[in-house]
Amino acid sequence: MKIICYNRCSTCKGILKMLDEKNVEYDLRDIKEDNPTRDELKKWHEATDYDIKRFFNTSGQIYRQMNLKDKLKEMSLDEKYDLLATDGMLVKRPILFKDDGEILVGPDVKKYVESL
């Protein structure tokens with residue numbers, strides 16, 4: 001499995017710790033160092049049944065500073081993909097890619113890892 005995290009995020013640290021304790025192998029990608037591209041985000045979103053808002057880090061500073069709560073309502077889906085691709089801190093984490101191809105985002109990752 002693959003997981004995208006931010007190394008200073010307490011939720012991500014907890015997920016990685018659980019995976020390590022369960023001896024689960026994973027490939028790690030730091031979202032700050034290797035921000036997802038627009039094409040990746042579009043592909044991931046289309047592979048899930050999540051609303052695009054699930055991919056936004058709604059508790060992050062950038063989200064609040066940009067007043068995205070209100071602005072997202074007026075943006076097209078393509079504009080949202082473009083915006084997410086500008087900064088990894090806008091993207092909800094962790095993002096987990098299961099070996100069967102399923103993609104989980106945010107709280108769903110924790111639920112899945114706890115079930116392992």
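At what angle do helix α2 and helix α5 pack, and how far apart are their axes? They pack at about 125 degrees, with the axes 8 Å apart. Keep in mind that this is a predicted model.

**Helices α2 and α5**
- Helix α2 covers residues 38-46 and helix α5 covers residues 77-84.
- The crossing of α2 past α5 is right-handed.
- On the α2 side, the residues that meet α5 are Arg38, Leu41, Lys42, His45 and Glu46. Their counterparts in α5 are Leu77, Asp78, Tyr81, Asp82 and Leu84.
- Sorted by class, that contact has five charged residues, four nonpolar and one polar.

**Helices α1 and α6**
- Helix α1 (residues 10-21) and helix α6 (residues 107-115) have axes that come within 10 Å and cross at roughly 15 degrees.
- Anything under 35 degrees counts as roughly parallel, so α1 is roughly parallel to α6.
- This time the crossing is left-handed, with α1 passing α6.
- Ile15, Met18 and Leu19 are the α1 residues that meet α6, where Val109, Lys110, Val113 and Glu114 take part.

- Four strands make up an open sheet with mixed pairing, and reading across it the order is β2-β1-β3-β4.
- β2 and β4 (103-105) sit at the edges, each pairing on one side only.
- From one strand to the next, the twist averages 15 degrees.
- Strand β3 (residues 95-97) and β4 run antiparallel, joined by three bridges.
- If you want to find one of those spots, look at Leu96, whose bridge partner in β4 is Leu104.
- Helix α1 lies across β1 (2-5) and β2, and runs at about 155 degrees to β1.

**Leu28, in strand β2**
- Leu28 belongs to strand β2, which spans residues 27-30.
- Is Leu28 buried or exposed? Its relative accessible area is 52%, and the cut-off for exposed is over 50%, so Leu28 is exposed.
- Leu28 still has contacts beyond its neighbours within four places in sequence: Ile3, Cys5 and Leu16.
- Ser115 is 87 residues from Leu28 in sequence, and the two are 20 Å apart in space, C-alpha to C-alpha.

Terms used. Residues numbered from 1 in each chain as written. Predicted model: local features only at pLDDT ≥ 70, side-chain atom pairs only at ≥ 80, totals over all residues. Heavy atoms only, no water. Helix = DSSP H or I, 4+ residues; strand = E, 2+ residues; numbered from the N terminus. Buried < 20%, exposed > 50% of the residue type's maximum accessible area, 1.4 Å probe, protein only. Contact = heavy atoms within 4.5 Å. Axes fitted to C-alpha atoms, helices over the stretch in contact; angles between N-to-C directions. Left-handed = near helix turned anticlockwise from the far one by under 90°. Nonpolar A, V, L, I, M, F, W, Y, C, P; charged D, E, K, R; others polar. Pairing = 2+ DSSP bridges. Parallel < 35°, antiparallel > 145°, perpendicular 65-115°, else oblique.
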